[in-house]
Amino acid sequence: MYCDLVGSTALSARLDPEDLRKVIAAYHRTVANVVSSFDGFVAKYMGDGVLLYFGYPRAHEDDAERAVRAGLDVIGAVGRLVVKSVELQARVGIATGLVVVGDLIGEGSAQEQSVVGETPNLAARLQALAEPAAVVIAAGTRRLVGDLFEYRDLGAVEVNCLAAPVPAWRVLGPSVVASRFEALRGWALSPMIGRDEEIDLLLRRWARAKAGDGQVVLVSGEPGIGKSRLAAALAERLSDSPQLRLRYFCSPYHQDSALYPFIDQLGRAADFARDDLPTARLEKLETLLALAAPPEEDVALLADVMSLPSSERHPLPDLSPQRKKERTLEALVRQLEGLARQQLVVMIVEDAHWIDSTSRELLDLTIERARSLPVLLIVTFRPEFQPPWTGQSQVTMLALNRLDRRDRTTLVKQIVGG
Ligand SMILES: Nc1ncnc2c1ncn2[C@@H]1O[C@H](COP(=O)(O)OP(=O)(O)O)[C@@H](O)[C@H]1O
Ligand SMILES: [Mg+2]
C-alpha cells in the first residue's frame with residue numbers, strides 16, 4: 001500500500017517550513033495509527049509518501065481486505081485532520097503480489113524493510129493516478145477481496161513502469177453483501193464433494209425440527225475445512241418444505257460492536273439502502289417487524305438498537321442500560337418466536353468465534369428457546385471457540401474432519417481441471 005498527501009507541493013510553497021513539518025507529522029501519525037490498528041506495517045516514509053506492508057512481518061488470512069479497510073480509514077482519518085487550519089486529503093494505491101523483503105545491501109532497518117518486486121511500484125503508480133480521497137486497487141488485490149467492497153471500474157490505466165495498461169478499481173466502500181463466504185468464493189459453487197454423513201445428520205435434525213422439536217447443530221472446524229460450504233449444501237437440500245431462512249454473519253472487524261450480526265441481518269431483511277434517511281429506515285423496519293406482530297415496546301427497542309430515532313408510534317421506555325439490554329434481547333427472541341409460529345425456520349449463524357458478547361448472550365437465549373420451536377439452528381465456528389451449549393438435549397456437536405484422500409484428490413482435480 002502506498003499513501004500520499006494530496007497537494008503537498010502547493011502546501012510547501014504556502015506554509016512556513018516549521019508548520020509544514022507539523023502538518024506532515026500529524027498526517028504520518030494518522031496513517032501509522034490507522035494502519036497498525038489493522039496490523040499493517042509502516043515500512044518507509046518518503047517525504048509525504050508512506051509505503052506500507054500487509055502480510056509482512058506477520059501474515060493474516062485476510063491481508064488484502066485489511067489493506068483495503070485500512071486505506072478507506074486512512075482517507076477518512078486524514079480528511080478529518082485539520083492542522084494549522086489546513087485541510088488535508090490523502091490518496092491510496094494498493095497492489096498485491098510476490099515481493100522479496102530485506103536481503104538488500106544496506107544496514108539495520110534499511111536492510112530489513114526494503115522491498116523488491118513490481119508490486120510496490122504498481123501500488124505507487126496507482127496511488128499517483130488516484131483522485132483525492134480515493135483508494136485505487138490493482139487486479140491481484142481485487143481478486144482477493146471479491147465482493148467484500150463496492151467498486152468503480154476504472155478500466156485499463158496506463159502505468160509508466162509497465163508496458164501494457166493494467167486494470168484498476170476505485171474502492172467506494174464496504175459492500176452490503178453480508179456473507180463473507182459468498183463475497184469471497186462467489187455464488188457459483190463447484191460441486192459438493194463428500195460430506196454425505198454430515199448432510200445426512202443435518203437432514204435428520206431438520207426432520208425433528210419440522211416436527212416442532214427444535215434442533216441446534218454446532219459445526220466446528222479449522223478455517224477452510226468447509227463449514228460454510230456444508231451450510232450452503234444443506235440449504236440446497238431443504239427444498240422439501242418451504243421455510244424461512246435467517247442468516248447471521250459474525251465479522252472479525254465487528255467483534256466489539258454489540259449485536260452486530262443481528263443488527264446487520266435486520267438491516268438486510270428490511271432492505272435498507274445505503275442512502276435511506278432514518279425515517280425511511282424506520283418505516284422499513286416497522287414493516288419487517290410487523291410480520292411477527294410484536295408488542296409496541298419491542299419495535300421501539302429494536303429501532304433503538306439499530307440507531308434509528310424513536311417515534312410517537314413507538315415511544316422508547318425509560319430503562320437502565322442493563323434493563324434495556326435485557327429487554328432488547330427478549331424482543332429479538334420474541335421476534336424469532338413470532339416468525340416460527342408461522343413457518344419453519346432455518347437459522348444459520350456463521351463464524352461464532354468472532355461473536356460479540358451481547359450476541360453470545362442472545363444466542364444462549366435463542367438456543368434455550370429453540371427447543372420448543374420448529375427451528376433448525378446451525379452455528380459454525382473454528383475450534384478455538386468453546387461453545388457453552390453442549391450437553392443440552394436439543395444440541396448436536398458436529399466436528400468437521402479433513403476430507404479423506406480420495407475426496408481430496410477429487411477436489412483438487414475439480415479445481416485444476418486436469
Ligand atoms: N466438501 C466440499 N466440496 C467442494 N468444495 C468444498 C468442500 N468443502 C469446502 N469446499 C470449498 O473450499 C473452500 C473453503 O470452504 P469454506 O466452506 O469457506 O470453509 P470454512 O467456512 O470452514 O472456512 C470453499 O471454496 C468451498 O466451496
Ligand atoms: Mg466459513
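I call a residue buried under 20% relative accessible area, exposed over 50% and partly exposed in between, with a 1.4 Å probe and protein chains only. This is a predicted model, so I keep in mind that local features need pLDDT of at least 70 and side-chain atom pairs count only at pLDDT 80 or more, while totals for chains, interfaces and linings use all residues. Residues are numbered from 1 along each chain as its sequence is written, chains are lettered from A and ligands numbered from 1 in the order in which they are written, and side-chain values use heavy atoms, leaving out hydrogens and water.

Cysteines: Cys3 is buried at 0% relative accessibility, and Cys250 is buried at 2%. I looked for disulfides (a pair of cysteine sulfur atoms within 2.5 Å) and got 0.

Rings: I pair those of Phe, Tyr and Trp (its six-membered ring) if their centres lie within 6.5 Å; planes under 30 degrees apart are stacked, over 60 edge-to-face, the rest tilted. That gives me 8 aromatic pairs. Phe41 and Tyr56 are edge-to-face because their planes stand at 85 degrees, with the centres 6.0 Å apart. I find Phe41 partly exposed at 22%, and Tyr56 partly exposed too, at 30%. Ring pairs also join Phe41, Tyr53 and Tyr56 into a cluster.

Charges over rings: I count NZ of Lys or CZ of Arg within 6 Å of the ring centre and within 35 degrees of the ring normal. Arg69 lies over the face of Tyr253, 4.2 Å from the ring centre. Arg142 has its charged end over the ring of Trp169, at 5.6 Å from the centre.
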